[in-house]
Structures are given as structure tokens and as C-alpha cells.
Amino acid sequence: MRLINTVTDFFDPEGSEKWFETLQKAQFRGVPFAVLGGKSSFGRKTAVHEYPYRDKPWVEDLGRATRQLTVKGFLVEDSVIYGGGAVIDQRSNLIAACETAGAGTLIHPTYGELTVSIPSGGLKIVEQWDNGRYFEFTLRAIESGLKVFPVTTSTPLPDEESWLKSIATTTLQFVTTVNSILRKSTALIQTLQSTAVFWVSQVTGTLNQANNLINTMTDVFDSNHYGRFQSSGNSGLASHQTYPVLMQKQKAASAQNRGKVATVGDELTQSVDAETYAGVANALLSAVVLSVSEPQDQIRIFIHLSVFETGNDVPGVDDAVQDAAILLFQRLALACLGRAALSYQPVSPDDAWDMMTLAGEALEVGAVNAADMVHDDTYRDLIALHNTVVSTLTERGANLARFTEYQFDTSLPSLVLSERIYQDPARNYATGF
């Protein structure tokens with residue numbers, strides 16, 4: 001008798017009997033066997049990310065790891081516990097069960113019923129001449145799940161939370177960094193104001209290029225007036241008589257928003273503390289969003305602003321304060337880039353892929369830069385925003401029709417083209433070919 005049995009029987013004479021009563025009879029695919037012992041492994045799948053000059057890595061959780069169980073058992077002829085019959089037949093049945101395709105049911109003495117698969121070499125049988133009608137074996141099993149593939153889902157994605165969280169983290173990091181520097185010298189606030197002058201100048205210049213008359217007027221007209229493949233952010237016009245009125249309203253709204261950009265820019269260059277500075281910088285980009293209604297134009301603007309630099313020589317500034325301001329502007333632009341990308345509605349899978357690549361690469365570069373600077377919170381926020389943008393645009397483009405280019409040797413009537421391309425003569429020019 002083992003020592004552990006002796007000790008447990010001494011303190012709890014009935015404990016051993018109760019314990020053995022709870023155990024289940026082991027079997028695999030209906031083939032019973034006796035169990036000597038076993039071991040199991042559990043945990044999480046992880047990816048360890050190590051960075052230069054950091055003592056501790058960041059461990060990324062990738063979900064629950066595969067559960068693996070190893071059972072050490074034996075087969076004996078005409079067992080009084082589990083029966084079984086001839087031991088040679090038991091061995092043949094167990095081998096056949098392990099070589100059967102697909103997952104099978106394993107009854108484990110303590111874990112109960114499990115769905116498992118047996119890998120190559122998972123069953124190892126030992127037989128010796130002095131053991132007679134007795135075979136020992138080791139059975140290694142891997143927990144098996146359902147065959148499930150990724151599918152397109154209509155579940156709303158946390159789009160707003162992703163870019164808003166990035167703005168909050170960026171603002172907090174900037175305020176903390178600058179306040180620690182300004183405690184030494186409040187005169188360094190001039191550095192923030194000087195950097196803001198460059199930032200406002202670049203924002204205004206970029207906005208002037210994007211906010212032209214064509215983009216302003218595109219939102220007024222429905223796609224039926226410009227063509228089927230002309231994108232539009234407007235539901236259309238009721239009649240031609242309303243064109244002048246809507247054009248005047250659109251131009252007035254654009255001028256008002258442009259005026260707000262100039263006003264907020266002046267406030268930024270005159271801010272005297274870090275909290276106000278960061279808040280006004282965010283308000284400036286929000287005004288830019290209102291001034292440029294087309295998401296694709298917003299995406300290009302914010303990509304350009306995400307690589308903002310003041311230049312090599314800026315007299316009368318402190319490098320640490322200036323670098324903090326530049327990072328603030330760059331990362332606010334990245335957050336607004338994610339916001340614009342999440343509001344973009346592609347017209348085809350290729351269009352979705354192009355915008356996803358354009359925005360995703362900029363966000364990825366920003367995340368890598370944050371990781372290199374050991375800004376862990378910013379890195380995680382930008383990666384989360386990147387993943388949300390990729391998932392959202394992938395979902396939106398998944399079920400869209402692809403564009404196909406057709407070339408014909410000569411000009412053909414729309415009725416002929418609709419029949420040749422769509423096999424539907426009703427889809428001619430008059431009905432929106």
C-alpha cells in the first residue's frame with residue numbers, strides 16, 4: 001500500500017472509498033480500459049514582443065491554448081472492473097479507435113466526457129514477455145472543437161471608442177510630459193506657441209488644397225446627376241429649381257467652417273497652458289472634419305498631417321517641448337484618420353482595400369513609432385484603431401460588386417451593351433445603365 005493511501009485512510013477512513021466512487025470508467029470510442037495515471041497541459045496562446053532598452057516584454061494574449069491530455073493505462077484480459085474480453089481483441093479495438101478519422105469521445109476518470117483527436121504516434125503500447133495477458137499503453141489526446149471559419153458579421157464594431165480612446169491617451173501623455181517640463185521654466189510656453197504656428201499653417205495649407213469648389217459642389221448633387229460611379233454624400237435633389245438654393249447653402253456652410261478653422265487656429269497659437277493647448281488642438285482637427293465633408297479627402301488630409309514636422313531650424317524653442325507638441329499633433333491626426341476611415345463607405349472591394357491599405361499603413365507606422373519610444377498605451381490604442389479600421393472596411397467591402405472593365409471595337413447602342421454585358425436589355429442608358 002502506498003504511503004499516501006495509508007495517510008488518507010488514517011485521517012479519513014471512508015475518504016478513499018468516496019473518492020473512487022466519483023471516478024468514471026475510462027474509455028475511448030466505446031473501448032474501455034484501466035487507468036494508472038495521467039497528466040494534462042493548459043494555458044493561453046501568447047506572442048511575446050520584446051523591445052530595445054526594455055527589461056520587460058509585452059505579452060500579447062491570443063486566446064486559450066489547446067488542451068492536451070496524456071493517459072497512462074493498461075489492458076488486461078477479462079478484467080473484473082471493466083470486462084473487455086480477450087486482451088488481444090481489446091488492443092485491436094483500441095488501435096482501430098485511435099486510427100478512425102475525425103474526433104472521438106474520451107471518457108476521462110476525472111475530467112469526464114471530452115471530444116478529442118489522437119495525433120500521429122498518440123497511442124503507444126508496451127508489451128513484455130513476463131506480463132502475460134497484460135498491455136500497458138500511453139494515450140495522448142488533443143481537445144478538438146468545431147470546424148468554424150471566419151465569417152462576415154454585421155455586429156457593430158467599437159469604432160467611436162477606438163479613435164476617442166487614442167485621443168484621450170495622446171492628450172494625457174502630452175499634458176503630463178509638458179507640465180513636468182514647464183515646472184522648470186514657464187517661459188517655454190513660447191515654444192508651444194511657435195510650434196503651433198507651423199501646425200496651423202500646415203493645416204490651413206492642406207485644407208486649401210482639398211476644399212475646392214468641385215468637392216464642395218459634389219455633396220450638393222446626387223450620383224444620378226454626375227453618373228453612377230461618382231460618389232456622393234447627399235441623397236439628391238427633388239428638382240432642378242432647388243439647385244441655386246442648395247449651392248448657396250453649401251457654400252455658406254463651407255465658408256463658416258473655414259472661418260472656424262481660422263478662429264480655432266488663432267486660439268491654439270495663443271494658448272498658455274498644456275491642457276488648453278491640447279484641447280484646442282483637438283478642436284482644430286474637429287473643425288477640419290466639418291470643413292471637408294468627403295471621408296476620402298479627410299483620409300488624405302490626416303495622412304499628410306500625421307507626418308507633420310516643423311523643419312530643422314526653429315529659433316528660440318526647447319527641443320523637448322517642441323518634440324512633445326509635434327507628437328501631439330501627429331497622433332491627434334492619426335486618431336482623426338481612423339475616424340475618417342471608419343466613416344468611409346467604399347463602392348467596391350477594391351476601393352475598400354485601397355482605403356484600408358492607405359489608412360492602415362499610416363496607423364501602423366504611428367504605432368511602431370510609439371513602440372520605439374516606449375509609449376505603450378499609445379501603441380496599444382493605435383494598434384486597436386488599426387485593427388478596427390481593417391475589420392470595418394473589410395466587412396463593408398466584402399459583399400460589394402466588383403468593377404469590371406469592358407472594351408469594344410466600336411461604339412454600340414446602350415441597348416446592345418446592356419444585353420451583351422448584363423443579358424438584360426432593360427438596363428440601358430434611359431433607366432440608369
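Predicted model: local features only at pLDDT ≥ 70, side-chain atom pairs only at ≥ 80, totals over all residues.
**Ser-271**

Leaving out residues up to four places away in sequence, I found Ser-271 touching Ile-189, Gln-193, Thr-276, Tyr-277 and Val-280. I then asked where Ser-271 sits, and the place is the loop between helix H8 (243-269) and helix H9 (274-291). Buried or exposed, I wondered about Ser-271? Its relative accessibility is 4%, and since the cut-off for buried is under 20%, Ser-271 counts as buried. I also looked at what the side chain does: the side chain of Ser-271 reaches the backbone oxygen of Glu-267, at 2.9 Å.

**Arg-300**

Next I went to Arg-300, which I located in helix H10 (residues 295-305). I got 46% relative accessibility for Arg-300, so I noted it as partly exposed. Which residues does Arg-300 contact once neighbours within four places in sequence are set aside? I wrote down Met-355 and Leu-358. For its side chain, I noted a polar atom of Arg-300 at 3.2 Å from the backbone oxygen of Gln-296. That made me recall that an α-helix has 3.6 residues a turn, so residues three or four places apart point the same way.

**H11 and its partner**

Then I turned to helix H11, residues 319-342. I counted 24 residues in H11 and a reach of 35 Å from first C-alpha to last, close to the 34 Å expected at 1.5 Å a residue. How many residues of H11 are buried? I have 20 of the 24 down as buried, so H11 is largely enclosed by the rest of the structure.

I looked at how H11 packs with helix H12 (residues 349-372): the angle is about 145° and the axes are 10 Å apart. I noted the crossing of H11 and H12 as left-handed. On the H11 side, I listed Leu-327, Arg-331, Leu-334, Leu-337 and Ala-341 as making the contact. On the H12 side, I listed Ala-359, Ala-362, Leu-363, Gly-366, Asn-369 and Ala-370. Sorted by class, the contact of H11 with H12 gave me eight nonpolar, two polar and one charged residues.

**Positive phi**

I went on to backbone angles. I found Tyr-53 with a positive phi of about 65°, although it is not a glycine. I placed Tyr-53 in the loop between strand S4 (44-49) and strand S5 (58-64). With a relative accessible area of 86%, Tyr-53 goes into my notes as exposed.

Asp-78 is also not a glycine, and I found a positive phi of about 50° there. Where does Asp-78 lie? I traced Asp-78 to the loop between strand S6 (68-76) and helix H3 (87-99). I have Asp-78 at 49% relative accessibility, so it counts as partly exposed.

**Whole chain**

I have 14 helices and ten strands in it. Of its 433 residues, 36% count as buried. I also checked contacts with a separation of 6 or more in the protein chain, and residues 24 or more positions apart account for 68% of them.

Terms used:
Residues numbered from 1 in each chain as written. Heavy atoms only, no water. Helix = DSSP H or I, 4+ residues; strand = E, 2+ residues; numbered from the N terminus. Expected span 1.5 Å × (residues − 1). Buried < 20%, exposed > 50% of the residue type's maximum accessible area, 1.4 Å probe, protein only. Contact = heavy atoms within 4.5 Å. Polar contact = N/O pair within 3.5 Å; in protein donor to acceptor, adjacent residues only side chain to side chain. Axes fitted to C-alpha atoms, helices over the stretch in contact; angles between N-to-C directions. Left-handed = near helix turned anticlockwise from the far one by under 90°. Nonpolar A, V, L, I, M, F, W, Y, C, P; charged D, E, K, R; others polar.
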